[in-house]
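Dear colleague,

Please find below the structure that I am handing over to you. I would be grateful if you could read the notes that follow it.

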Amino acid sequence: MMIRRIQKLAPFFSSSSSSSPLKSSCCGCWFSSKSSMDVAAADVADVTAEEELLYPSVASTAKPVTTIPNLLQPRVVIYDGVCHLCHRGVKWVIEADKYRKIKFCCLQSKTAEPYLTLCGVDREDVRRRFLFIEGPGLYHQASTAALRVMSYLPLPYSALSTLLIVPTPLRDAVYDYVAKHRYGWFGKADDCLVLKEKELLERFIDRDEIIDRSRSDL
């Protein structure tokens, strides 16, 4: 008889064990919590990965900063490096510029290319009229360039910049006439003349290029 009662109650316990509201609720809640945690962890991982891409940590970007030297420096004179007259003028400015404000670059150097692009001129333009990049968005050519260079020199040389009051067409007419005949009057070299006077190279932004070129010629 006891056995029959147990057999009658067995289905009840069996069904209640599988569908007990409490146990089902507890188990469902636990799995739901675990699933939410997993999803949350995955979301955090995704957000962390995205933030690392958008806002990388200091540790991940702690690398030596690489810069392009000699690029877009102010107060740079770009001139025809094979012209004897131009080279003499550069030497004169270097000697007079005791505060070392002016820097130089041979037109024939690759270093000059970014400056030409910035100013919207080509090599032939600068061969006719040398270029002085005074600062961002400010450059000059011909007689104005020469007088602006003078303005950075100490007295009495800077006083020559007062000639800027002379009309530009008149000044440039004289400049262009001399520039047109300078090769015939003063001569022309095969390469940048500063190669023959390397003590001047410290004032040239293309000095590394010039030195490499001189080594390759040996």
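This is a predicted model: local features need pLDDT of at least 70, side-chain atom pairs count only at pLDDT 80 or more; totals for chains, interfaces and linings use all residues.

Residues are numbered from 1 along each chain as its sequence is written, and side-chain values use heavy atoms, with hydrogens and water left out.

Helices (H or I, at least four residues) and strands (E, at least two) are DSSP runs, numbered from the N terminus; two strands pair if DSSP finds at least two bridges between them. Four strands form an open sheet of mixed pairing, in the order 2-1-3-4. Strand 2 (103–106) and strand 4 are at the edges with a single partner strand each, so one side of each has no neighbour in the sheet.

Strand 1 (residues 76–79) pairs with strand 2 in the parallel sense over four bridges, and Val76 stands opposite Lys103. By contrast, strand 3 (residues 131–135) and strand 4 (residues 138–141) are antiparallel, also over four bridges. These two strands form a hairpin with two residues between them, and Gly137 in the turn has a positive phi of about 75 degrees.

In helix 7 (residues 168–186), Arg171, Asp172, Ala179 and Arg182 are buried (under 20% relative accessible area; exposed is over 50%, partly exposed in between; 1.4 Å probe, protein chains only). Just after helix 7, Gly187 takes a positive phi of about 100 degrees.

Yours sincerely

How values were computed
The expected span of a helix is 1.5 Å times one less than its number of residues.
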